[in-house]
Amino acid sequence: MPNKEFKPLSSQSIKKVLKRIVFDRKGLVPVIVQQYNSGEVLMLAWMNKDALTETLKTGSICYYSRSRNSLWHKGEQSGQIQELKDFRFDCDGDTILLQVEQTGVACHTGRQNCFFNAVRDDKVQIIEKIKMQPKDLYRK
């Protein structure tokens, strides 16, 4: 059962967590993001040490954008935020699981989650409807 509310960690505790996480040769670790109360897998993202530190220090979820080569806070442009409920990592320390409360949609395509392509009946089908038009997500 996830925590009801994530409490930001001290610098000392963050250092202990960082020692347990195995980053790849590019300094990244994959992050699976799951809706805390339903178990729905929303997305996969990446964190580097700075993103991980920011997330644990503030409780505000921060990822590393490989396309922009920079940190980004989920929802900073779209308003579709994720509230951290529980922070976990696997037995090898090479994959993180964030359990979150998603506000709005998780996917930049305007769908609830990023896993809307399914192989069914010998073909690929889109199984998730667009809830919000992408152009409306990123109004500035």
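I started at L84, which has its place in strand 5 (residues 82-89). Strands here are DSSP runs of E with at least two residues, helices are runs of H or I with at least four, and both are numbered from the N terminus. Before going on, I noted that this is a predicted model, where local features need pLDDT of at least 70, side-chain atom pairs count only at pLDDT 80 or more, and totals for chains, interfaces and linings use all residues. I also noted that residues are numbered from 1 along each chain as its sequence is written, and that side-chain values use heavy atoms, with hydrogens and water left out.

**Entry: around L84**

Is L84 buried or exposed? I found 3% relative accessibility, so L84 counts as buried. Buried means under 20% relative accessible area, exposed means over 50%, and partly exposed lies in between (1.4 Å probe, protein chains only).

Which residues does L84 touch, leaving aside its neighbours within four places in sequence? I listed F6, T55, G59, I61, L98, Q99 and V100, where contact means heavy atoms within 4.5 Å. I looked at G59 again: its C-alpha atom is 6.2 Å from that of L84, although the two are 25 residues apart along the chain.

**Entry: strand 6 and its partners**

Strand 5 and strand 6 pair in the antiparallel sense over seven bridges; two strands pair if DSSP finds at least two bridges between them. I also found Q82 with Q102 as its bridge partner in strand 6. The two strands form a hairpin with six residues between them, and G93 in the turn has a positive phi of about 75 degrees.

Strand 6 has another partner: strand 1 (residues 29-35) pairs with strand 6 in the parallel sense over five bridges. In that pairing I picked out V31, whose bridge partner in strand 6 is I96. Strand 6 itself spans residues 96-102 and is mostly covered, with five of its seven residues buried.

**Entry: rings and charges**

How many aromatic pairs are there? I looked for rings of Phe, Tyr and Trp (its six-membered ring) with centres within 6.5 Å, where planes under 30 degrees apart count as stacked, over 60 as edge-to-face and the rest as tilted. The count comes to one aromatic pair. The ring centres of Y63 and W72 are 5.1 Å apart and their planes stand at 45 degrees, so I wrote this pair down as tilted. Y63 and W72 are both buried.

Then I checked for charges over rings, meaning NZ of Lys or CZ of Arg within 6 Å of the ring centre and within 35 degrees of the ring normal. K85 has its charged end over the ring of Y36, 5.2 Å from the centre. I noted R111 as well, over the face of F116 at 4.0 Å from the ring centre.

**Entry: stepping back**

Last, I looked at the whole protein chain, which has three helices and eight strands. Along the sequence I read the pattern α-β-β-α-β-β-β-β-β-β-α. Of its 140 residues, 41% count as buried. I found that the C-alpha atoms fill a box of roughly 50 × 40 × 35 Å, taken along the principal axes.
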